[in-house]
Amino acid sequence: MVRTQLQKSYRSNAQSNPIFLRYFPRLTSAGRMLDLGCNLGPEVRYAGMHGWTVDACDVDAEAIAELNAFLAKNRVTNVFAARFSIQEYLKRTTRQYDLVHCWNVLHQLRQSDIPEVLKGIRDVIRPGGLAILRVFTKDDPTLSRVRKREHVYLFEVGEVLQYFPDYEVVEHFAGPIQDPGHPNRPRAHQHVVEQVVIHLPY
Ligand SMILES: C[S@@+](CC[C@H](N)C(=O)[O-])C[C@H]1O[C@@H](n2cnc3c(N)ncnc32)[C@H](O)[C@@H]1O
């Protein structure tokens with residue numbers, strides 16, 4: 001897979017997503033989690049260290065190596081983090097998960113891959129499970145500029161939820177957020193996003 005500049009340039013600030021931290025304690029004491037596009041994987045580390053079995057993938061080999069080095073150093077053995085594309089991972093897996101986390105990732109996929117990936121996410125959530133998803137929307141100021149140079153897929157508000165008609169929407173937000181910054185873009189900046197927490201009833 002040829003990686004775009006956007007895919008190559010990002011480095012996470014290794015701080016866990018606050019929505020994830022808010023929902024995690026309400027979940028089963030030790031379930032199975034999937035993180036798609038985990039980068040350095042702060043949420044992967046957190047869930048792994050809390051006894052969850054975690055699968056995680058990212059196309060960034062260096063980020064995966066750093067994540068695996070952290071896990072090895074801390075003797076966390078219940079996490080499988082690998083350099084895989086989301087598309088490949090979802091095609092191959094037969095597992096189902098109590099929690100799927102895919103945060104700030106899907107804009108980096110090609111538009112033609114979006115339907116299959118969202119259906120794939122829908123199919124790997126087990127009844128009773130939760131998905132925590134955030135995408136960038138068409139009003140995002142930063143990525144609209146990047147889109148002139150390389151492919152970036154910006155979502156319409158409501159587009160993601162169309163793939164999850166049987167799911168209960170536990171939390172929904174669409175609008176601007178402040179990004180505190182990350183190593184490749186240290187200054188705080190704004191994005192315009194849609195974020196959802198959805199639950200598949202039994
Ligand atoms: C903006 S970062 C977000 C990382 C992390 N989820 C977070 O919120 O900090 C996007 C991540 O998605 C990864 N990525 C992009 N396209 C991917 C793909 N097709 N399959 C797997 N990972 C991908 C990138 O390498 C990058 O680590």
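## The sheet

Two strands are taken to pair when DSSP finds at least two bridges between them. In this predicted model, seven strands form an open sheet with mixed pairing, in the order β3-β2-β1-β4-β5-β7-β6. At the edges stand β3 (79-83) and β6 (168-179); each has a single partner strand, so one side of each is left without a neighbour in the sheet. From one strand to the next, the twist averages 10 degrees.

Strands of a sheet pair through backbone hydrogen bonds, and the pairing is either parallel or antiparallel.

The strands β2 and β3 run parallel and are joined by five bridges. Within this pair, Val54 has Val79 of β3 opposite it. Helix α3, residues 42-49, packs on the sheet and touches β1 (32-36), β2, β3 and β4 (97-103). The direction of α3 makes about 165 degrees with that of β2. A further helix, α4 (residues 61-73), also packs on the sheet, where it touches β2 and β3. Between the directions of α4 and β3 the angle is about 160 degrees.

Leu71 belongs to helix α4. Is Leu71 buried or exposed? A residue is classed as buried if 20 or more other C-beta atoms lie within 10 Å of its own. Leu71 has 22 such atoms within 10 Å, and is therefore buried. Leaving aside neighbours within four places in sequence, the contacts of Leu71 are Gly48, Val76, Val79 and Ala81. Val79, one of these contacts, is also the residue opposite Val54. Met49 is 22 residues from Leu71 in sequence, and their C-alpha atoms are 8.8 Å apart in space.

Six bridges hold β4 and β5 together in the parallel sense. Tyr97 stands opposite Ile125 of β5 in this pairing. Nine of the twelve residues of β5 are buried, so β5 is largely enclosed by the rest of the structure.

Which residues of helix α6 (residues 114-124) are buried? They are Val117, Leu118, Ile121 and Val124. These residues cover an arc of only 130 degrees around the axis, and therefore lie on the same side of α6. An α-helix has 3.6 residues a turn, so residues three or four places apart point the same way. The exposed residues Pro115, Lys119 and Asp123 are on the face of α6 turned away from its buried side. The cover over the buried residues of α6 includes β1, α5, β4 and β5 (125-136).

Phe173 has Gln195 in β7 as its bridge partner. β6 is hardly covered, as the count of buried residues among its twelve residues is zero.

Phe164 sits in the loop between α7 (141-146) and β6. Phe164 has 20 C-beta neighbours inside 10 Å and so counts as buried. Not counting residues up to four places away in sequence, Phe164 touches Arg122 and Ile198. Along the chain Phe164 and Ile121 are 43 residues apart, while 9.4 Å separates their C-alpha atoms. Ile121 is among the buried residues of α6.

## Around the ligand

The shell around the ligand consists of 19 residues, of which Gly37, Asn39, Asp60, Ser85 and Gln108 come nearest. How many residues of the shell are nonpolar, polar and charged? Nine are nonpolar, eight are polar and two are charged. At least two residues of the shell come from β2 (53-58), and at least two come from α5 (86-92).

Asn39, one of the residues that come nearest to the ligand, is placed in the loop between β1 and α3. Asn39 is buried because 26 other C-beta atoms lie within 10 Å. Although Asn39 is not a glycine, its phi is positive, at about 50 degrees.

## Another positive phi

Asn104 is not a glycine either, and has a positive phi of about 65 degrees. The loop that holds Asn104 runs between β4 and α6. With 19 C-beta neighbours inside 10 Å, Asn104 counts as partly exposed, whereas Asn39 is buried.

Conventions: Residues are numbered from 1 along each chain as its sequence is written. This is a predicted model: local features need pLDDT of at least 70, side-chain atom pairs count only at pLDDT 80 or more; totals for chains, interfaces and linings use all residues. A residue is near a molecule or strand if its C-beta atom, placed from the backbone, lies within 6 Å of it. Helices (H or I, at least four residues) and strands (E, at least two) are DSSP runs, numbered from the N terminus. Ala, Val, Leu, Ile, Met, Phe, Trp, Tyr, Cys and Pro count as nonpolar, Asp, Glu, Lys and Arg as charged, and the others, Gly among them, as polar. Axes are lines fitted to C-alpha atoms, for helices over the stretch in contact, and angles run from 0 to 180 degrees between N-to-C directions. Two residues are in contact if their C-beta atoms, placed from the backbone, lie within 7 Å. The arc is that of the directions from the helix axis to the C-beta atoms.
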